[in-house]
Amino acid sequence: MTPHRRERALVRPHVVTGGRAHPTRNTFDVVTVVVATRASFSGLTPEKRRLMELCRGGPLSVAEIAAHLSLPISVTKVLLSDLFDSGHISTHAALPRTAHPDLQLLKDVLDGLRARL
Amino acid sequence: MDQQTLAVAFWFALAAVLVAVVLLVRQRRITADLREQATGAQAVTDAWAAEEAHLVNARIPALAESLSNRPVEVPGPVNPRFAQSHGRVLDLFADSVQQATARGEQSAKATLKSMMRAVQSLANEQQVAISAMQERHDDADVLQGLLRIDHMNSQLGRRAQATAVLCGSWPGQQRSASSLTDVVRGATSRIRDYLRVNIPIEADIAVTSRAVEPVVLAVAELLDNGARHSQPNTAVEVNFQQAHNGIAIMVDDAGVGMTAEELGRAARLLAGDGASDISRLGDPPQVGFAVIGVLAARYGFRVSVDTRSPYGGVRAVVFLPTELLTRVDKPLPTPAAPAPTPVPAAPAPAAAPEAEQKRTPGGLPKRKRREPAGEQAAAPSAPPGSPGAARPSEQIAAGLGAWQRGTRSGRTASPTAAEGNPQA
């Protein structure tokens, strides 16, 4: 993963979530797509700021956000629920059909991997 | 008897009497001298005995007391004649006591240090294991348990680390430069009442990589003190104050404050005076200020606790000079969309021309990141000279800057890492 993973995180997850492990809503999945809906970050913790900055660049899945923030997915979900409640983000349950990677691409990847291994 | 014989006898008798008288007088003088000498000798012996009793009963005990750092004055000799000889005795005594104390201290420190190192490395390993579990389990109940364990383990690690530092070890952990806010939050991660600490967001200023861990440790001890010595329903406020040649981190609690005696002790320990003697930290040992003093002296920051906080308790101030500060590297240059796309269903058209896929050096097709349609169209097509190209060139500059910063931090990381390891 990112080089930050090797270094033990300075700010531990219990401080990141304020000790909460349960997200306020159950709607987040690993593949849920998140879109930023607000441009102002005032009053947000540094992790939430970074999350909003990430999302400003375009829709991202929960898994991608977690990887970029170097946070566990379950912790990311707590942050996302908070941001959803405060109206900073909105979600899509799944990607639109056309946005799925096409079969040809997946096949190419498979062939490429087979050719290498 | 004739006359002559009588005369001779008389003269002999007279001579004998004279000799006897002379001898008697001489003897008398000698006796008086001897008596005088005997009296003098007796006086000297008495004085000697008295001085010796004084040495054994008063001076040496007082010296022993004062060597164990109690405020006792060592009395001088009763008779100044013995100042030199007894002074030598006292010096020898003081030397040997000091040597023995230093040896004992040294071995106690070495033992404690190696024990704490073992505890510390176990706590670190445990933290890695906890982090791995946090990554692996996507379940709120499991996470709840893991957060508690992580919290306790962080406190355990901090205690072990603080004790090891007090015994002359380095703080260990190599960190990259972190923003002030993250440094204080890192400190908050390691104390019991972390939810009571309020921290402002200070995004621009960072602490240099070398100083991150010591500052985190010092601030953690101050926050812990603040939280421990105030009511559970009060907050511990952290503030940053920009100063002429550095920045001050202020930790205010709403507790009972400190007495003049406690303040004196704290000031002495914060000045770095506590490291010399770990046996004088009290029972239970109060390591906080002593640890901060050691770290502050070694890394060149200052800590004071002698101001009152506006909430009635103590205001602790950590002053970080400019040498320990740096500018924050923005983690990622934000794409900064000109207008945040209000319609969330935008990503569809981006996936259309899939034919000319980019390829990795290994020949695998590359997946494109899906971006809002407007931005994707604008960014790559605008020629560098055109008026619309202001933002892309900014992005390129930001990208190059990030690359350069990354290279630089990668290069500076290795020598500092070497500094921490041999001792840690």
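In which element of chain A is confidence lowest, and in which is it highest? This complex is a predicted model, in which local features need pLDDT of at least 70 and side-chain atom pairs count only at pLDDT 80 or more, while totals for chains, interfaces and linings use all residues. Residues are numbered from 1 along each chain as its sequence is written, and chains are lettered from A and ligands numbered from 1 in the order in which they are written. The confidence score is pLDDT, the predictor's confidence in each residue, from 0 to 100. In chain A, the mean is lowest in S3(A), at 85, and highest in H1(A), at 94. Over chain A as a whole the mean pLDDT is 84, with 87% of the residues reaching 70 or more. Residues 1-6 of chain A have a pLDDT below 50, and this stretch has four contacts in the model beyond near neighbours in sequence. Here, two residues are in contact if their C-beta atoms, placed from the backbone, lie within 7 Å.

Over residues 371-390 of chain B the pLDDT stays under 50, and the model has 21 contacts beyond four places in sequence for them. Residues 414-424 of chain B also have a pLDDT below 50, with twelve contacts beyond near neighbours in sequence. For the complex, the predictor gives an ipTM of 0.76 and a pTM of 0.68.

The fold of chain A comes next. Its secondary structure comes to five helices and three strands, where helices (H or I, at least four residues) and strands (E, at least two) are DSSP runs, numbered from the N terminus. From the N terminus on, the elements follow the order α-β-α-β-α-α-β-α. Of the contacts in chain A with a separation of 6 or more, 73% are between residues 24 or more positions apart. Buried residues make up 40% of the 117 residues in chain A. A residue is buried if 20 or more other C-beta atoms lie within 10 Å of its own, exposed if 12 or fewer, and partly exposed in between, with C-beta atoms placed from the backbone.

Helix H2 (residues 46-56) of chain A is largely enclosed by the rest of the structure, because eight of its eleven residues are buried. These buried residues are Glu47(A), Lys48(A), Arg50(A), Leu51(A), Met52(A), Leu54(A), Cys55(A) and Arg56(A). Their packing partners in chain A include helix H1 (13-16), strand S1 (33-36) and helix H4 (73-85). After H2(A) comes Gly58(A), which has a positive phi, near 140°.

Most residues other than glycine have a negative phi. Ser70(A), a residue other than glycine, has a positive phi, near 55°. Ser70(A) sits in the loop between H3 and H4 of chain A, and counts as partly exposed, with 17 C-beta neighbours inside 10 Å.

In chain B, all nine residues of helix H4 (residues 180-188) are buried, so this helix is largely enclosed by the rest of the structure. Among them are Leu180(B), Asp182(B), Arg185(B) and Thr188(B). Gln98(B), by contrast, is exposed, with 11 other C-beta atoms within 10 Å. Gln98(B) lies in helix H2 (residues 83-136) of chain B. Gln98(B) and Ala64(B) are 34 residues apart in sequence, and their C-alpha atoms are 9.8 Å apart in space.

Two packed helices are described by the angle between their axes and the distance between the axes. Axes are lines fitted to C-alpha atoms, for helices over the stretch in contact, and angles run from 0 to 180 degrees between N-to-C directions. Helix H3 (residues 140-166) and helix H5 (residues 209-228) of chain B pack at about 110°, with their axes 11 Å apart. H3(B) and H5(B) are therefore roughly perpendicular to each other. Angles under 35 degrees count as roughly parallel, over 145 as roughly antiparallel, 65 to 115 as roughly perpendicular and the rest as oblique. The contact is made by Arg158(B), Gln161(B), Ala162(B) and Val165(B) of H3(B) and Leu217(B), Ala220(B) and Glu221(B) of H5(B).

The axes of H5(B) and helix H7 (residues 288-299) of chain B come within 10 Å and cross at roughly 155°. That makes H5(B) roughly antiparallel to H7(B). Residues in this contact include Leu217(B) and Glu221(B) of H5(B), and Val291(B) and Leu295(B) of H7(B).
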